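Subject: Structure handover

Hello,

Here is the structure for you to look over. My notes come after it.

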Amino acid sequence: LVHVFLIMAFTLLCLRWGKAALKTWVCLQVLLANLFVLKQMALFGFNVTCSDAFAIGAILGLNLLQEHYGKKAAQAATKQSFYFMLFFAAISKIYLLYEPILEDLTHGAYHTILSPAPRLFFASLVAFLVVQRMDIKLFSWMKNRFHFWSFSTRTLFSLLISQLLDTVLFSFLGLYGMVFSLTDIIFVSFLTKAVIIFSLAPL
């Protein structure tokens, strides 16, 4: 809960700072989501990844950009996030090629975290690109078709649809063959995202 509310608070603070801060925030959320996706925890008896909240933060930031600064600002943030994700994936691979000295005690940890990165980042890049473009179009369509709905209601529905697609795409591309039950992973991950989305909606 602290994790979710921190992301919510910082997202709103970025909104107060303006378009540039929101764009930077979206890029940061995407990078953190990919970096922390391997970190898992037990939540109410289910095994979940700790990065789902960051994915929600990125989508929320994009929706705020589109609401206050227009569709082009949200599209620009998507392209910038894609660019930085590519850079991070490439530099992670290069980073592991450096030969550590004998006294270096951190290389093993970096290797554990970054070695699966190429597949995870490829899956994330594809899912992110597809989902963000779909979310921007969906949010724009709802804004025109259901203009009488509040921003919170439009965000709620667009987040639920986009995150279902994101969960399925990423799970098949990045985790297929690496986990015991892909169905459980998809169900629990989307359930976690749905809880987060419904928690943010009243705020």
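This is a predicted model: local features need pLDDT of at least 70, side-chain atom pairs count only at pLDDT 80 or more; totals for chains, interfaces and linings use all residues.

Helix packing around α3

Start with helix α1 (residues 2-17) and helix α3 (residues 52-69). Their axes come within 10 Å and cross at roughly 25 degrees. Angles under 35 degrees count as roughly parallel, so α1 and α3 are roughly parallel to each other. The crossing is right-handed. On the α1 side, the contact is made by His3, Ile7, Met8, Thr11 and Leu15. On the α3 side, they meet Ala53, Phe54, Gly57, Leu60, Gly61, Leu64, His68 and Tyr69. By class, the contact of α1 with α3 has eight nonpolar residues, five polar and no charged.

Now take helix α2 (residues 19-35) against α3. Here the axes are 8 Å apart, and the angle is about 160 degrees. With over 145 degrees counted as roughly antiparallel, α2 is therefore roughly antiparallel to α3. The crossing of α2 and α3 is left-handed. α2 contributes Lys19, Leu22, Lys23, Trp25, Val26, Gln29, Val30, Leu32 and Ala33. Their partners in α3 are Ala53, Phe54, Ala55, Gly57, Ala58, Gly61, Leu62, Leu64, Leu65 and Tyr69. This contact of α2 with α3 divides into 14 nonpolar, three polar and two charged residues.

Nonpolar cores

Which residues have the most contacts inside the largest nonpolar core? They are Leu22, Leu62, Leu65 and Ile197, in a core of 29 residues. Two or more residues each come from α1, α2, α3, α4 (71-97), α6 (117-145), α7 (151-175) and α8 (182-200). α3 gives the largest share of this core, eight residues. Leu62 is worth a look. Not counting residues up to four places away in sequence, Leu62 touches Val26, Ala74, Ala77, Thr78 and Gln132.

Another core lies apart from the largest one. That other core has eight residues, among them Val37, Ala127, Leu182 and Ile186.

Phe190

Phe190 sits in helix α8. What does Phe190 contact, leaving aside its neighbours within four places in sequence? Its partners are Leu160, Gln163, Leu164 and Thr167. Phe190 and Leu165 are 25 residues apart in sequence. Their C-alpha atoms are 9.4 Å apart in space.

Best wishes

Conventions:
Residues are numbered from 1 along each chain as its sequence is written. Side-chain values use heavy atoms; hydrogens and water are left out. Axes are lines fitted to C-alpha atoms, for helices over the stretch in contact, and angles run from 0 to 180 degrees between N-to-C directions. Helices (H or I, at least four residues) and strands (E, at least two) are DSSP runs, numbered from the N terminus. Angles under 35 degrees count as roughly parallel, over 145 as roughly antiparallel, 65 to 115 as roughly perpendicular and the rest as oblique. A crossing is left-handed if the near helix is turned anticlockwise from the far one by less than a right angle, and right-handed if clockwise. Contact means heavy atoms within 4.5 Å. Ala, Val, Leu, Ile, Met, Phe, Trp, Tyr, Cys and Pro count as nonpolar, Asp, Glu, Lys and Arg as charged, and the others, Gly among them, as polar. A nonpolar core is a set of buried Ala, Val, Leu, Ile, Met, Phe, Trp, Tyr and Cys residues joined through side-chain atoms within 4.5 Å. Buried means under 20% relative accessible area, exposed over 50%, partly exposed in between (1.4 Å probe, protein chains only).
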